[in-house]
Amino acid sequence: VQLQASGGGLVQAGGSLRLSCAASGRTSSSYFMGWFRQGPGKERQFVAGINWSGGTTYDGDVKGRFTISRDNAKNTVYLQMNSLKPEDTAVYYCAASPLAASIVRPSYQYWGQGTLVTVSS
């Protein structure tokens, strides 16, 4: 499975961005798909995840501002980010896990290359 993340960029605080993650290769809609982020000098952390049927889970820092969704027919996962804050600045990664659900980084088997989101104050 290959994952290609896109949609990052520079945005002012309070603005919005939508990230996309396109999967190719031996894809499976049964994978649990997650978004992680790694800010400057920080560890990579879970942001949001979605299962094959649309069930979602979010980190508390983004709940209510970010929305994860998936289009199984297009093998694509999205992360709509609203009300962005400077502390959301990070490289965002999409990843796929064979588990039913997971917020734990080691359980993710496939990773995209990351897309940079910069939020200016």
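Ala90 stands opposite Val117, a residue of strand 11. The model is a predicted one, in which local features require pLDDT of at least 70 and side-chain atom pairs count only at pLDDT 80 or more, whereas totals for chains, interfaces and linings use all residues. Residues are numbered from 1 along each chain as its sequence is written, and side-chain values use heavy atoms, with hydrogens and water left out.

**Overall form.** The chain has 0 helices and 11 strands, where helices (H or I, at least four residues) and strands (E, at least two) are DSSP runs numbered from the N terminus. For 121 residues a compact globule would have a radius of gyration near 14 Å, and the 13 Å of the chain agrees with this; the radius is taken over C-alpha atoms, and the globule rule is 2.2 Å times the number of residues to the power 0.38. Along the principal axes, the C-alpha atoms fill a box of roughly 40 × 25 × 25 Å. Of the 121 residues, 42% are buried, with buried meaning under 20% relative accessible area, exposed over 50% and partly exposed in between (1.4 Å probe, protein chains only). Among contacts (heavy atoms within 4.5 Å) between residues at least 6 apart in sequence, 56% join residues at least 24 apart.

Strand 9 is mostly covered, with 7 of its 8 residues buried. Its pairings are listed below; two strands pair if DSSP finds at least two bridges between them.

| Partner of strand 9 | Sense | Bridges |
|---|---|---|
| Strand 4 (residues 32-38) | antiparallel | 7 bridges |
| Strand 11 (residues 115-120) | antiparallel | 3 bridges |
| Strand 10 | antiparallel | 2 bridges |

**Ser102.** The loop between strand 9 (90-97) and strand 10 (110-111) holds Ser102, which counts as buried because its relative accessibility is 9%. The side chain of Ser102 reaches the backbone nitrogen of Val104 at 3.0 Å, and a polar contact of 2.4 Å joins it to the side chain of Ser107. A polar contact is a pair of N or O atoms within 3.5 Å; within protein, one must be able to donate a hydrogen and the other to accept it, and residues adjacent in sequence count only if both atoms are side-chain atoms. When neighbours within four places in sequence are set aside, the residues in contact with Ser102 are Phe32, Phe46, Ser97, Ser107 and Tyr108.

**Salt bridges.** The structure holds 2 salt bridges, each defined as a side-chain nitrogen of Lys or Arg within 4 Å of a carboxyl oxygen of Asp or Glu. In one of them the side chains of Arg37 and Asp88 meet at 2.9 Å, N to O. Arg37 lies in strand 4 and Asp88 in the loop between strand 8 (76-81) and strand 9, so the pair ties together parts that are 51 residues apart in sequence. The side chains of Asp88 and Arg65 also meet in a salt bridge, at 2.7 Å, N to O. This pair links distant parts of the chain, with Asp88 in the loop between strand 8 and strand 9 and Arg65, 23 residues apart from it, in the loop between strand 6 (56-58) and strand 7 (66-71). Arg37 and Asp88 are both buried, as are both Asp88 and Arg65, and Arg37, Arg65 and Asp88 are linked in a network of salt bridges.
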